[in-house]
Amino acid sequence: MKILWITNILLPDICNKIGVKVPVVGGWMASSLNALKGNGIDFGVASLYNGNVLKDYIINDVHYFLIPAPKNNNKYNVSLEKYWKEVNVRFAPNLVHLHGTEFAHGLAFIKSCPDVKVVASIQGLVSVYHRYYFGGLTSKDILFNISLRDVLKLATLFQGRKKMRKSGDNEIEIIKSISNIIGRTSWDKSHALALNPNIYYHFCNETLRSTFYKNKWEYDNTEKYSIFLSQAGYPIKALHQVIKAISFIKNKYPQIKLYVGGHNITKYDTLFDKIKISGYGLYIKRLIRKYNLESNIYFLGMLNEEEIVHRYLKSNLFICPSSIENSPNSLGEAQILGVPLIASYVGGVPNMVEDGKTGYLYRFEEVEMLAVLIDKVFSMQQNELEILSINEREEAFRRHNPSTNAKQIIEIYNKCLQQ
């Protein structure tokens, strides 16, 4: 069996081969690939890269293809078709596994190689996500905080939402064009079937990055009254909602600390910082100042796998406050480590969190409820937090079991080939 993966990022082995930095996102795909090796499958992996010619390498028994990336991968580019035809000739896959449905390069393969069977994995669904892009921000919030960078780059939040909606057009066409799709929540199943009632929906959970299986949260090693958000670059990730919630309980917990993964979107020290700050960054900066939280919020920069594990383990609480998610890996990572967590009741999150047993859920808009839940976790006794942690880990190890998920994927491949 020859399976070609089409990915949205370069995997670590090919990054190391061509001398580019390994992405800090998407590491779960490399873990999944490693779990699948040795099952009588010849794997190929095709990805876009910053180059001018089609390249291919064989590394650790995987055939990697590097396809020159167009300037805008949200827009369909017919120039990709010739590369996909060449990849198809060189590798001759029995089945193509498209990881993610939102980018135009996957659609280009489907159009240029119509006789090849394709199964696509849903990561998020941007054709739905764009509805929630503003994360509850009003038009006034957005207009009042438009920055110089937003104007120069034509990158206001209004334009960001429009760009996501355009990516959603690719996604809709992909889902309508194929016969098989892989998902893992009742939310993504509902939307996939709404777009294509005839599609065959296959269930399979995801395998996480390997380091997360080797570590365990312990109460005695945490920084008390500390919260971790893994990312917060745009409104969907809802940093603003957490800031509002913290404002309600700051007097009770003046030592509270919020650690945020990713670049400091509020940086405003130099002239260059002031030019490049985004409108959302400006909004967050003003919100922090409004609630006098300058000494309570810390941006950590881009974290590698080991650094992010360390941050989880040091945290008293992890929050996934997004306005929409399918099944966020960050939440799965928190659970498999056993970090106490709170998550917004959106998308596929209810399939991952049993309220009161493996975390706590609240309605996204209700920042007052979020504040009460933060207070609840901070007030819990050590034995209560340890029971919560045990429950999380048990569920997460079941859901993210590499062996079980690998067997499930192979079964899906065989079912697709038998159709």
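Predicted model: local features only at pLDDT ≥ 70, side-chain atom pairs only at ≥ 80, totals over all residues.

Biologist: What volume does the largest cavity have?

Modeller: The largest cavity holds about 180 Å³ of space, and the structure has three cavities of 30 Å³ or more.

Biologist: Which helix gives the most to the lining of the largest cavity?

Modeller: That is H17, with five residues in the lining. At least two residues each come from H2, from strand E5 (95–99) and from helix H17, which spans 402–418.

Biologist: And where else does H2 line a space, say in the second largest pocket?

Modeller: Helix H2, residues 27–36, gives the most to the lining of the second largest pocket, where it supplies four residues. The volume of that pocket is about 320 Å³, and among its 20 lining residues Pro12, Val22, Pro23, Gly27 and Glu305 are the closest to the centre.

Biologist: Switching to sheets, in what order do the strands of the open sheet run?

Modeller: The open sheet has six strands, which follow the order E11-E10-E9-E12-E13-E14 with parallel pairing. Strand E11 (297–299) and strand E14 (360–362) are at the edges and have a single partner strand each, so one side of each has no neighbour in the sheet. On average, neighbouring strands of this sheet are turned by 25 degrees against each other when direction is ignored.

Biologist: How many bridges join E9 to E10?

Modeller: There are four bridges between strand E9, residues 223–229, and strand E10, residues 257–260, and the two run parallel. Within that pair, Ile227 stands opposite Leu258 in E10.

Biologist: Which helix lies across those strands?

Modeller: Helix H10, made of residues 239–249, lies across E9, E10, E11 and strand E12 (315–320), and its direction is at about 175 degrees to that of E10.

Biologist: Is Cys320 buried or exposed?

Modeller: Cys320 is buried, because its relative accessibility is 3% and the limit for that label is under 20%. Cys15 is buried as well, with a relative accessible area of 1%.

Biologist: How many disulfides are there, then?

Modeller: The count is zero disulfides, where a pair of cysteine sulfur atoms would have to lie within 2.5 Å of each other.

Biologist: Back to strands, how do E3 and E4 run?

Modeller: Strand E3 (residues 55–59) and strand E4 (residues 62–68) run antiparallel and are joined by five bridges, with Tyr57 standing opposite Tyr64 in E4.

Biologist: And what lies between E3 and E4 in the hairpin?

Modeller: Two residues lie between the strands of that hairpin, and Asn60 in the turn has a positive phi of about 50 degrees.

Biologist: Which residues is Ala104 in contact with, leaving aside its neighbours within four places in sequence?

Modeller: With those neighbours left aside, Ala104 is in contact with Asn73, Asn74, Lys75, Tyr76 and Asn170. The C-alpha atom of Ala104 is also separated by 8.9 Å from that of Asn72, a residue 32 residues apart from it along the chain.

Technical notes:
Residues numbered from 1 in each chain as written. Heavy atoms only, no water. Pairing = 2+ DSSP bridges. Axes fitted to C-alpha atoms, helices over the stretch in contact; angles between N-to-C directions. Contact = heavy atoms within 4.5 Å. Buried < 20%, exposed > 50% of the residue type's maximum accessible area, 1.4 Å probe, protein only. 1 Å grid on protein atoms, 1.4 Å probe; cavity = no way out; pocket = protein on both sides within 12 Å on 5 of 7 lines; lining within 4 Å. Points joined across faces, edges and corners; volume = space filled by probe spheres on them.
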